[in-house]
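Visitor: Could you walk me through this one? I'd like to know what the terms rest on.
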Amino acid sequence: MIAVANVTPTWYLLLAAALFALGCTGVLVRRNPLVMFMCIELMLNAVNLSFVAFSRTYGDIKGQTTVFFVLVVAAAEVVVGLGIVVAILRRRPSANADDIAELKG
Amino acid sequence: MNLLLAPMQQAEKLASPSVNWGSLTPLLVLLGTGLVLLVGAALSPRPWKRGMYATMTAGAAIAAGVLQFVLWSGTVHHGPKALVKDAIVVDGPSLFIGISICAALLLAALVTDNYLRREDIDSPEVYGLYLMAALGGLVMAASNDLIVLFLGLETLSIALYVLAAAHRKRIESQEAGLKYFVLGGFSSAFFLYGIALIYGATGTTKLRGTESIKTALSLVVETDKNRALLVVGVALLLVGLAFKVAAVPFHSWTPDVYQGAPTPVTGFMASAAKAAAFGALLRSVVLSMPELRDDWRPAIWVLAILTLVVGSILAVVQTNVKRMLAYSSISHAGFILVGIEAAAHGGESGNRGVASILFYVLTYAVLVSGTFAVATLVGRSGDAAHSLDSYKGLGKQRPLLALTLTVFLLAQAGVPLTSGFVAKFSVITAAADANSYAIAIIAMLSAVIGAFLYLRIIVSMFLEEGDAEGDKVAIPFGTGLAVAISAAFTLVVGFFPGWLLTLAKDAAGRLF
């Protein structure tokens, strides 16, 4: 018989922290803007998970409703980000973060 | 059966909060004008009359500003109040910062009109985005709930990402938009995680009032339960806001974005976005978490000193004027952080700190809008002539324009008889009142280093010979008007600062 551990909200919080760290590392390490957007989404969704977990521990609905707001914001962000990438790709063959370096000083 | 009905019965209990629409009119005016511009211009078969978009935007900015003055007199008689279940407040600081944002919007609309036609990219979307960004800024300054604050921040930021990339013909503009977007989204995620942890530690996202973070804090500090969670949450919140105000070490996006974005947009970013972010920082951390002061005040202290020193030193070595002004805006953020540090002390000296921040935010918003308006003109067609060499001989070619730019630069340097001097002076006295002598001295030293940068531009304008090939700088009506308004305001406040200082003090005292 496998012992089933009691899954507490703390587990979800730890998972959320791990996902957040993963997304954060991704933004810093990867150079492709699309992958960077994905990593930012991962960070936002990690936050959503912790909102839901906290909401569960307090037994109130506020944390869960917050998630809807965050989802809407994340969707709007992606629309704008992809729009900017498309605008760049129209003018040059790649949108790699290292290639786009006109601005420096 | 009962099981199925239970959620429905619960749903009936959810009463929607009463909304005091009258007090929300400044927000509604901006939102309405933005929607009319976007939808109306998309539906109409041909472009509207020349300058119509900008006139509407400027009109909305003036209307929203006047409405906030009306609300201001309301708070004088009936005291500050909270709306929509305490999510939004109408009080001194929120109205003062709201008026600063509306002033920045007005100046930006005037400058943008000529700019877009000169670059041949005139479209109503830019103005719609300006209005949405200003709306987000107003919400940020007035929010009494961290979630509402986040929504305001995103409304402001998303509009600014697009605005930064709005110059379709310049790849630099799109690069600026992409960089701003990636780093802005990154910082928003930190900000949001901070909100989640604070919610986890206190069980609420409301900042002040009954059952709010402010009341929950004393319990957390007393029992030490969840304290670590709360401190990490506040730290993440500070990271997110420090990104928005461009405080060192979270400033790396600023020079690139300020240089690449269309110049009028840069001016709007430096004025409105900074004002809104400082309003949010003031309310969310400084005024709502006084019990936790010992934990976050050292962080503000370090941020302020780094921002002052790095901002003014790196500004000196630049050769592109827009980059110089970007670093100078970083060092101005450092000065406002000095005021924040003073405000953190609470009590009478803290109140003086809040007043000094409000005064600084308004005067700097006008000042920097004027500076970038001149930079827009000097940038000439193509928006590319921003090196220090482009300013050579401006004094001979356009003496009046060069003179007003000199006024702006001297004011940014903090020379007496300009608004910038009074702003710096009030921030530093507030710090001295709060016994933060070290930070006050560093602020004064960095002002001296910073002055060198402004003198470099002035010397280039008046003492160096211009190249004969450069086109003569054209001064269209709208931009000229914006420059004249900002210069007049800078000088009037410099000569007679008393009334504005009194207003700022009033605002700081009338807090929800």
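Guide: Let's begin with contact: two residues are in contact if their C-beta atoms, placed from the backbone, lie within 7 Å. Helices (H or I, at least four residues) and strands (E, at least two) are DSSP runs, numbered from the N terminus. This is a predicted model, where local features need pLDDT of at least 70, side-chain atom pairs count only at pLDDT 80 or more, and totals for chains, interfaces and linings use all residues. Residues are numbered from 1 along each chain as its sequence is written, while chains are lettered from A and ligands numbered from 1 in the order in which they are written.

Visitor: Which residues of α14(B) meet α16(B)?
Guide: On the α14(B) side they are Leu367(B), Gly370(B), Thr371(B), Val374(B) and Leu377(B). Their partners in α16(B) include Leu401(B) and Phe408(B).

Visitor: What makes up that contact by class?
Guide: There are 7 nonpolar, 4 polar and no charged residues. Ala, Val, Leu, Ile, Met, Phe, Trp, Tyr, Cys and Pro count as nonpolar, Asp, Glu, Lys and Arg as charged, and the others, Gly among them, as polar.

Visitor: At what angle do α14(B) and α16(B) pack?
Guide: At about 140°, with axes 10 Å apart. Axes are lines fitted to C-alpha atoms, for helices over the stretch in contact, and angles run from 0 to 180 degrees between N-to-C directions.

Visitor: And how do α14(B) and α19(B) cross?
Guide: Roughly at 145°, and their axes come within 9 Å. That contact has 10 nonpolar, 7 polar and no charged residues.

Visitor: What share of chain B is buried?
Guide: Buried residues are 62% of its 512. A residue is buried if 20 or more other C-beta atoms lie within 10 Å of its own, exposed if 12 or fewer, and partly exposed in between; C-beta atoms are placed from the backbone.

Visitor: How many residues does each chain bring to the contact between A and B?
Guide: Chain A brings 31 and chain B brings 33. On the chain A side, α3(A) gives the most, with 15 residues.

Visitor: What is the predictor's confidence in chain B?
Guide: Its mean pLDDT (confidence in each residue, from 0 to 100) is 91, and 96% of its residues reach 70 or more.
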